[in-house]
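I opened this notebook to record what I looked up in one structure. The entries follow the order in which I consulted it.

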Amino acid sequence: MKKTILLYWAPGGNVEKAARQIQAQIGADKLEMLDVASFNVSRMDAYENFIFGIATIGAEIWRDAKGDNKWNEFFVKTENKDFSGKTFAFYGLGDQVLYPDHFVDALGFLKEEVEKRNGKIVGFWPTEGYTFTDSEGAADGKFFGLALDEDQENEMTPERIKKWTAQISQEMKL
Ligand SMILES: Cc1cc2nc3c(=O)[nH]c(=O)nc-3n(C[C@H](O)[C@H](O)[C@H](O)COP(=O)(O)O)c2cc1C
């Protein structure tokens with residue numbers, strides 16, 4: 001069976017909460033889950049599908065190698081890896097009201113880094129139903145993954161996760 005793992009950062013907040021909801025929907029028998037700092041990149045080849053979870057905490061931080069950014073560390077460690085043959089889906093936490101010009105920007109960071117390594121990306125999600133002015137995490141009416149807003153629309157999270165997990169389960173053939 002194809003192995004699938006969800007990697008997320010940071011632990012203890014909304015990103016981890018969403019990770020648990022996603023794992024509950026897909027089933028713990030089909031989807032492993034780990035914070036990205038605990039994941040040994042030498043084990044990447046044991047998996048065919050990856051779900052990456054991230055929060056946008058100020059756009060500039062994601063590109064600051066010196067910051068406490070474990071996603072950045074992961075991409076430094078996998079700089080020379082080829083992700084061909086692997087499939088990726090992303091979800092991102094953000095806040096549309098406080099950060100309407102940068103809503104879920106970090107989805108754009110994940111897309112850029114995975115594309116550089118030739119990974120296939122699925123799980124694109126319509127921007128319809130969200131209210132924001134700009135995002136590095138979307139283009140042509142689609143987010144590059146599931147956008148979640150626990151600060152302003154937490155009541156919509158379970159339904160969004162349900163639909164998106166059904167979508168990626170098909171796309172990844174889980
Ligand atoms: C300092 C700070 C900066 C943030 N910047 C952004 C931002 O640029 N864009 C956005 O959509 N959300 C932004 N947010 C909102 C967070 O992404 C959101 O609260 C998220 O749910 C936090 O996830 P966590 O609890 O796992 O850390 C910011 C939050 C904080 C505290």
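I count a residue as buried if 20 or more other C-beta atoms lie within 10 Å of its own, exposed if 12 or fewer, and partly exposed in between, with C-beta atoms placed from the backbone. Helices (H or I, at least four residues) and strands (E, at least two) are DSSP runs, numbered from the N terminus.

The model is predicted: local features need pLDDT of at least 70 and side-chain atom pairs count only at pLDDT 80 or more, while totals for chains, interfaces and linings use all residues. Residues are numbered from 1 along each chain as its sequence is written.

Entry on H3. I looked up helix H3 (106–116) and found it mostly covered, with 8 of its 11 residues buried. Among the buried ones are Leu-107, Phe-109, Leu-110 and Val-114, but also Lys-111 and Glu-113.

Entry on the core. I take a nonpolar core as a set of buried Ala, Val, Leu, Ile, Met, Phe, Trp, Tyr and Cys residues joined through C-beta atoms within 7 Å. The largest has 46 residues, of which Val-15, Phe-52, Ile-54, Phe-90, Leu-110 and Phe-143 touch the most other members. Elements that each supply at least two of its residues include strand S1 (4–8), helix H1 (14–26), strand S3 (49–55) and strand S4 (87–93).

Entry on S3. How many residues of S3 are buried? I found 7 of the 7, so S3 is largely enclosed by the rest of the structure. Asn-49, Ile-51, Gly-53 and Ala-55 point one way, and Phe-50, Phe-52 and Ile-54 the other. For pairing, DSSP must find at least two bridges between two strands. S3 pairs with S1 in the parallel sense over 5 bridges, and Thr-4 has Asn-49 as its bridge partner. S3 also runs parallel to S4, joined by 7 bridges, where Ile-54 is partnered by Gly-92.

Entry on backbone geometry. I found a cis peptide bond between Trp-9 and Ala-10, with omega about 10 degrees; Ala-10 is in the loop between S1 and H1. Val-104, in the loop between S4 and H3, has a positive phi near 45 degrees. Val-104 is buried, with 32 other C-beta atoms within 10 Å. Lys-173, in the segment after H4, has a positive phi of about 55 degrees and is exposed, with 10 other C-beta atoms within 10 Å.
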